[in-house]
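Hi,

Here is the structure I promised to pass on.

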Amino acid sequence: MTTFQPNLMVERLVVFGRGQRVFDERFHAGLNIIRGENSSGKSTIMDFLFYGLGGDLFDWREIALNCETIYLQASINEKPVTLSREIVPQAQRPMRIFIGEMDDALGSASEGWEVFPYARGSKDSFSQVLFRFLGLPEVQTGESQSKITMNQVLRLVYADQISPIDRIFRFQQFDDAVTRQTVGDLLCGAFSDRYYRAVIRSGEAGKEFGEVSARIRSTIALHSRQRTPLTREWLEAESAKVNGDLNSTNAEIERLEDEIFHAQFDDRLTLNDQDETYQRIVSLQGEIAEIEQEINIKQVEQADSAQFIQAIDARLFQLQNSHAVIEEFEQLDFQFCPSCLEPVHNHGVDGACALCKEPFDRSRTRSRSLKLINEFSRQKDQSLELQAVRETEVRELRAKLASVRELWEQANRHYTVAVKTPTTEIRSNLRRLNREAGYLIKQLEELAGKSEVIAQLEELTAEREKLQQELDTLEAVIKHENNRTKERVAAARQKIESITISLLKSDLSRQSTFDNARSVDFEFDGNRIAVNGDSFFSASSMVYLKNSFLASFLFAAANDPMFSHPRILIMDTVEDKGMEPDRSKNFQTLLRNMSRQAVSKHQIIIATSMIAEELDTPEYTVGEYYTHTNRTLKVRQ
């Protein structure tokens, strides 16, 4: 069977209580039915499934608090992952994740396990990890910085008996309409990776644009005195003026010293000024070489890192598609050995390669690819952060290089003058000119400092223009994707409505509005469903309507790859609020029939005390028939 992604299925649930294994059952694709008498512990198992997959649950039933830990083996996009959480009456508990099957996980005390918190912080939350495994974008809710969590997604795929029957989502305190709408649109397939990458980057780029603009304003306010414009043109004009004044002063000094030289041959001459200026030029040249070398090293690191990130992207793309390649090779039969050309016999050896007959564990191969996806994603994020740091360092080094080069030019000009002008030891007649020359040199040094500031401003201005161009491009992408999203949500809603109407009309004739259903309106933000504009029915009909809607959402996703629904449904409400047995059994049969016709792998888990007789077979049931004396949890009292 085809597997649309994201795809999430429960394969096994193990519960430990008082040091003993009190529940251990396997689940399968398609319809799963947990059956038994009322108050035999079925709803507790359903809560464990919700909690084990990442739901937030702290108001436990009494029997559940006799248990300590649950282990849940899930298939995430056909890759095995084992999840574990402690059962305590506290909200937002962390999760332990083991990439692999449960038997291996239970056999490992710590190796292979990693703990992830409920909320994001210095470490990824378990929702981030599971979203990454599922291929779901980390969608932001409204204008806030909070992201959609696994708990919020599961609230739309788990129908429990405690939540109000007229509400779509599982009940939660501090619920808000924006989050509900975002989750509903996400599962309808509204948020493409391109759209959400653009949204996230637009927020980041907008923040960077504001920071760069603020730096430009503060730099100008700090260094632009007497309202002088800090531009390259102003600097060049000011430098030319000061250099002209300095050249005139030096020419006058040269003329006076020449007169003194011819007038007083006995005066001793010295080359100290020449030597000192030369040494300064050598020192500045060394500093320039060091800065250029640092820039070259940083640029080489940037290039290497860019290639590394590109390689990671390629590996991630390959890993995301590796399971498809594995499946194709599983169907490949060799008639002749490619090495010796002898006929190959015994095709399809279970648990081994069809060609060489070596043992081959496909689930381990899938789990390894999932582990690599997580690791490569982390490496990519770290590399992108380092690239940003290197970019800042290169910008600062270039500004420093411009300043040092300006100082080198000044020293070079001074050395040219010193070589041409012999300096006498008697300098009393030249003090005034030397002071003027010193003042002009000081001005040039200050202008060299301004050169560094101007270089920074030019870099910041160029960065601001680049960010503005990026923001314009992102705005166009977001606008285009928003239009596509509206079309996608409209198509998804139409498919959900069509299937819901079909289920309502297939109900036993207990509600005339259902028999004559023409339209089904549902509002994720309003958390309500209406049939032909009416949303008030008997309690049992309200339950049937809610169950039909949630099942229709699942089956629409199981027949359309454009949905981002995880293609799992957990229902503890198939007989809730006085549902008569025949009506419940009819709904169970409808679920079975639609499940058989679905294109993609999916999973439905329901709990009932009135199972339809034709469904009471191992093909559909999970575990035993539970009673008051044979409860789901075998906890010793």
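**Cavity, pocket and salt bridges**

There is one cavity of 30 Å³ or more in the structure. Keep in mind as you read on that this is a predicted model.

So what surrounds that space? The largest cavity holds about 40 Å³, and its lining is made up of Asp160, Ser163, Ile165, Val543, Lys546, Asn547, Thr573 and Asp576. Sorted by type, that lining has two nonpolar, three polar and three charged residues.

Next, the open spaces. I looked at the second largest pocket, which has a volume of about 900 Å³. It is lined by 38 residues, and Asp56, Tyr118, Asn151, Gln172 and Gln173 are the ones closest to its centre.

Now for the charged pairs. Side chains of opposite charge can pair when their charged atoms come close. In this model that gives 31 salt bridges, and I picked out a few for you.

One of them links Arg201 and Glu208, with 3.1 Å between the closest N and O atoms. Glu208 has a relative accessible area of 28%, so it is partly exposed.

Another joins Glu393 to Lys298, where the closest N and O atoms are 2.7 Å apart. Which parts of the chain does this pair tie together? Glu393 sits in helix H10 (residues 362-420) and Lys298 in helix H8 (residues 272-320), so the bridge connects parts that are 95 residues apart in sequence. Glu393 is also partly exposed, at 28% relative accessibility.

Then there is Glu613 with Lys585, whose closest N and O atoms are 2.9 Å apart. Here Glu613 belongs to the segment after strand S14 (603-608), while Lys585 is in helix H14 (residues 581-597), so this pair ties together parts that are 28 residues apart in sequence. Is Glu613 buried or exposed? With a relative accessible area of 55%, Glu613 is exposed.

Cheers

Terms used
Residues numbered from 1 in each chain as written. Predicted model: local features only at pLDDT ≥ 70, side-chain atom pairs only at ≥ 80, totals over all residues. Heavy atoms only, no water. 1 Å grid on protein atoms, 1.4 Å probe; cavity = no way out; pocket = protein on both sides within 12 Å on 5 of 7 lines; lining within 4 Å. Points joined across faces, edges and corners; volume = space filled by probe spheres on them. Nonpolar A, V, L, I, M, F, W, Y, C, P; charged D, E, K, R; others polar. Salt bridge = Lys/Arg side-chain N within 4 Å of Asp/Glu carboxyl O. Buried < 20%, exposed > 50% of the residue type's maximum accessible area, 1.4 Å probe, protein only. Helix = DSSP H or I, 4+ residues; strand = E, 2+ residues; numbered from the N terminus.
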